[in-house]
Amino acid sequence: MKTFKSLISLLLVLGFFDVSVAAQNPDQRATYIIHMAKSEMPASFEHHTHWYESSLKSVSDSAEILYTYDNVIHGFSTQLTREEAESLEQRPGILSVLPELKYELHTTRSPEFLGLDKSANLFPTSGSASEVIVGVLDTGVWPESKSFDDTGLGPVPSSWKGACETGTNFNASNCNRKLIGARYFARGYEATLGPIDESKESKSPRDDDGHGTHTASTAAGSVVEGASLFGYAAGTARGMATRARVAAYKVCWVGGCFSSDILAAIEQAIDDNVNVLSMSLGGGTSDYYKDSVAIGAFAAMEKGILVSCSAGNAGPSSYSLSNVAPWITTVGAGTLDRDFPAFVSLGNGQNYSGVSLYKGDGLPGKLLPFVYAGNASNATNGNLCMMDTLIPEKVAGKIVMCDRGVNARVQKGAVVKAAGGLGMVLANTESNGEELVADAHLLPATAVGQKFGDAIKSYLVSDPKPTVTILFEGTKVGVEPSPVVAAFSSRGPNSITPELLKPDMIAPGVNILAGWSGAVGPTGLATDSRRVSFNIISGTSMSCPHVSGLAALLKAAHPEWSPAAIRSALMTTAYVSYKNGQKLQDIATGKASTPFDHGAGHVNPVSALNPGLVYDLTVDDYLGFLCALNYTASQINSLARRKFTCDASKRYSLADFNYPSFAVNIETAQSSSGSSVLKYTRSLTNVGPPGTYKVFITSSTGPGVKISVEPATLSFTQANEKKSYTVTFTVSSMPSNTNSFAHLEWSDGKYIVGSPIAISWN
């Protein structure tokens with residue numbers, strides 16, 4: 001069935017992004033991305049671009065091509081009516097006509113926590129380290145940030161083919177030997193929403209939002225001493241790969257981020273010769289051949305570029321992941337061992353801990369009147385402190401308690417302040433549980449978890465004259481346990497391919513300090529006139545560039561490694577327990593996290609540098625993966641830009657796809673009718689010294705599932721030698737839980753090569 005006519009039901013929850021497909025009036029023009037079968041171009045055309053133009057003119061005299069693509073897809077983007085799009089899809093050589101997706105923006109201690117400060121001498125410090133280029137697709141870059149200081153860096157790598165584009169408030173001199181490239185992509189955005197208002201945002205690579213500067217500096221920012229946000233998290237700020245070069249690709253604007261622009265940016269980044277692509281956006285829950293980011297990432301992978309993406313902020317719900325393609329490294333979020341305590345001190349003598357990044361005039365040195373927002377509003381949702389819902393007479397001179405949800409946390413504080421309130425206590429509800437995210441509020445404020453919030457509300461209800469104050473304690477390090485999986489971090493299972501375990505790993509994503517734009521305050525609110533060089537924000541948008549930067553370090557140390565080998569090294573060396581032996585915790589449940597939450601575990605870059613063995617993958621392996629999904633030749637062509645027909649005589653199996661993790665799906669009817677046996681084959685490549693590895697299985701599956709490995713020993717005598725093994729799952733009965741987990745490790749006594757196993761009953 002043709003792509004356009006099929007029902008497209010998309011729900012993408014991205015790092016800091018939602019996505020939507022705009023409803024279209026039959027006569028209204030909308031942007032479409034047209035995939036062409038380049039090999040079917042008639043001989044009468046001298047160049048494929050002429051064929052594209054001719055195909056477009058056959059259905060519309062007025063439509064113009066926005067972008068022509070050659071690296072990421074074979075095809076182009078343009079604006080068409082619905083009838084024209086349907087007509088074009090019937091033309092010869094047209095693989096698919098996909099409606100454009102629109103993405104909406106929602107919103108110093110990492111190196112030490114990851115052990116990079118004590119192990120810096122293990123990583124390349126010059127030469128190869130400064131040859132690696134990290135491309136960041138985001139809201140642009142603030143080039144004046146000290147995170148992009150190029151002191152001590154040599155000439156721009158000779159491999160670099162990019163440019164520094166000029167535009168509003170940005171010229172070529174804004175780039176240097178650190179920020180070696182900056183481009184912007186707005187044709188898709190302007191085609192839909194009209195010309196950019198240059199009085200409100202820069203039609204250039206300049207970052208007016210802050211998000212892009214934050215992600216770029218997290219991945220590869222230079223060392224900056226004396227960094228902090230209002231004195232919080234004070235110390236030396238540095239990216240993961242301080243010697244790597246940065247190339248910024250601005251694809252997100254005030255009105256959103258459009259897939260035609262994102263595809264064009266990936267296309268350009270490939271031509272520019274980046275080594276790593278960091279995208280805190282994109283992907284989603286549509287089939288890979290319909291997903292523009294997955295399509296672009298496939299092309300990047302073919303060129304040896306590792307693509308790192310955020311897993312999404314839709315946790316702790318199951319099946320909430322985005323960016324689940326196997327050629328994308330999918331990153332969830334964990335906490336650091338750092339906190340910013342701010343206590344709620346009640347009139348009854350009780351104190352409750354919260355978090356805050358407020359810095360400014362303090363509260364009077366006495367207890368103040370305390371009111372619940374729901375009792376100071378005539379609105380049905382008054383407890384949420386939405387715009388214009390509070391009654392000033394009931395709020396003035398008091399501290400107000402607001403419930404978290406719907407509108408931005410910092411906006412709630414602005415609402416309280418506008419109504420005359422002196423401070424705010426922000427309480428989590430059931431959906432957020434005990435997860436605390438610190439904010440640079442505009443008034444004295446702190447955020448507390450659900451349990452403390454409920455206790456404080458009980459006091460508010462029971463005391464006829466409740467009083468309160470807030471005590472700010474600054475920065476605290478050494479918080480335990482850490483890391484814990486962030487509640488907002490999106491979770492598996494993988495809704496597109498349940499046989500592929502995602503996310504791949506977690507990395508720091510809560511209260512991360514990094515560079516910021518000088519055009520906007522730390523809250524991002526229009527009323528926030530404060531300006532900062534560094535900001536502290538949270539999200540899988542923050543964990544993604546951590547892994548992008550770590551991938552750059554590994555690429556510098558091992559230039560010959562494929563993107564799959566780099567991801568494998570990060571996954572198989574990730575840790576799933578604390579130093580005391582206890583399992584990683586999930587803040588959403590207060591219990592041990594699972595591979596559906598943390599993937600292979602929390603990144604451990606020092607171990608990843610020398611993993612011993614890796615699970616490698618080639619382009620042919622990924623094509624075999626598509627065959628195992630029963631993709632048609634046309635669908636594979638849309639994704640992989642080639643005429644490829646699956647071999648009818650070959651057995652393609654997702655169970656044998658050489659991924660560093662295992663997702664085993666068992667049909668309930670199958671397991672209840674008797675014993676069932678499933679076999680999974682993997683291949684390991686030696687990237688360390690010669691050694692003999694023995695296998696170890698740790699399982700919590702119960703007696704109903706037996707796991708065995710053959711052979712139980714693998715001996716490697718030389719570099720790049722490959723050895724295969726098979727894991728057999730013998731299922732005799734279904735356990736009480738629908739999901740159970742295990743862990744497989746190969747070890748020679750020095751190296752430990754770990755893989756998570758998730759077993760699900762359907």
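1. Let's start with a pair of residues in the sheet: T68 has F76, in strand 4, as its bridge partner. Strands here are DSSP runs of E with at least two residues, helices are runs of H or I with at least four residues, and both are numbered from the N terminus. Strand 3 and strand 4 (residues 75-80) are antiparallel and share four bridges; two strands count as paired if DSSP finds at least two bridges between them.

2. A word on what you are looking at: this is a predicted model, in which local features need pLDDT of at least 70 and side-chain atom pairs count only at pLDDT 80 or more, while totals for chains, interfaces and linings use all residues. Residues are numbered from 1 along each chain as its sequence is written, and side-chain values use heavy atoms, with hydrogens and water left out.

3. Four strands form an open sheet in the order 3-4-2-5, with antiparallel pairing. Strand 3 (65-69) and strand 5 (94-99) are at the edges with a single partner strand each, so one side of each has no neighbour in the sheet. From one strand to the next, the twist averages 25°; axes are lines fitted to C-alpha atoms, for helices over the stretch in contact, and angles run from 0 to 180 degrees between N-to-C directions.

4. Which helix lies across strand 2, strand 3 and strand 4? Helix 6 (residues 259-272) does, running at about 35° to strand 3. Contact means heavy atoms within 4.5 Å.

5. Strand 14 is worth a look too. Strand 7 (residues 133-138) runs parallel to strand 14, and four bridges join them; here V136 stands opposite S278. Strand 14 is also joined by four bridges to strand 15 (residues 306-310), again in parallel, with M279 opposite C309.

6. Where do the side chains of strand 14 (residues 276-279) point? V276 and S278 point one way, L277 and M279 point the other way, and all are buried. Buried means under 20% relative accessible area, exposed means over 50%, and partly exposed lies in between (1.4 Å probe, protein chains only). In a regular strand, side chains alternate between the two faces of the sheet.

7. If you check the backbone, have a look at two cis peptide bonds. One runs from G315 to P316, with omega near 5°, and P316 is in the loop between strand 15 and strand 16 (329-334). Another joins G492 and P493, where omega is about 0°; P493 is in the loop between strand 26 (484-485) and strand 27 (505-508).

8. Positive phi values also turn up in residues other than glycine. A233 has phi near 55° and belongs to strand 10 (residues 232-237); its relative accessibility is 3%, so A233 counts as buried. For N323, phi is near 60°. N323 sits in the loop between strand 15 and strand 16, and is buried, with a relative accessible area of 1%.

9. Last, a loop threonine. T701 lies between strand 35 (691-699) and strand 36 (705-710) and, at 5% relative accessibility, counts as buried. What does the side chain of T701 join in a polar contact of 2.7 Å? The partner is the side chain of S699. A polar atom of the T701 side chain also lies 3.4 Å from the backbone oxygen of V705. A polar contact is a pair of N or O atoms within 3.5 Å; within protein, one must be able to donate a hydrogen and the other to accept it, and residues adjacent in sequence count only if both atoms are side-chain atoms.
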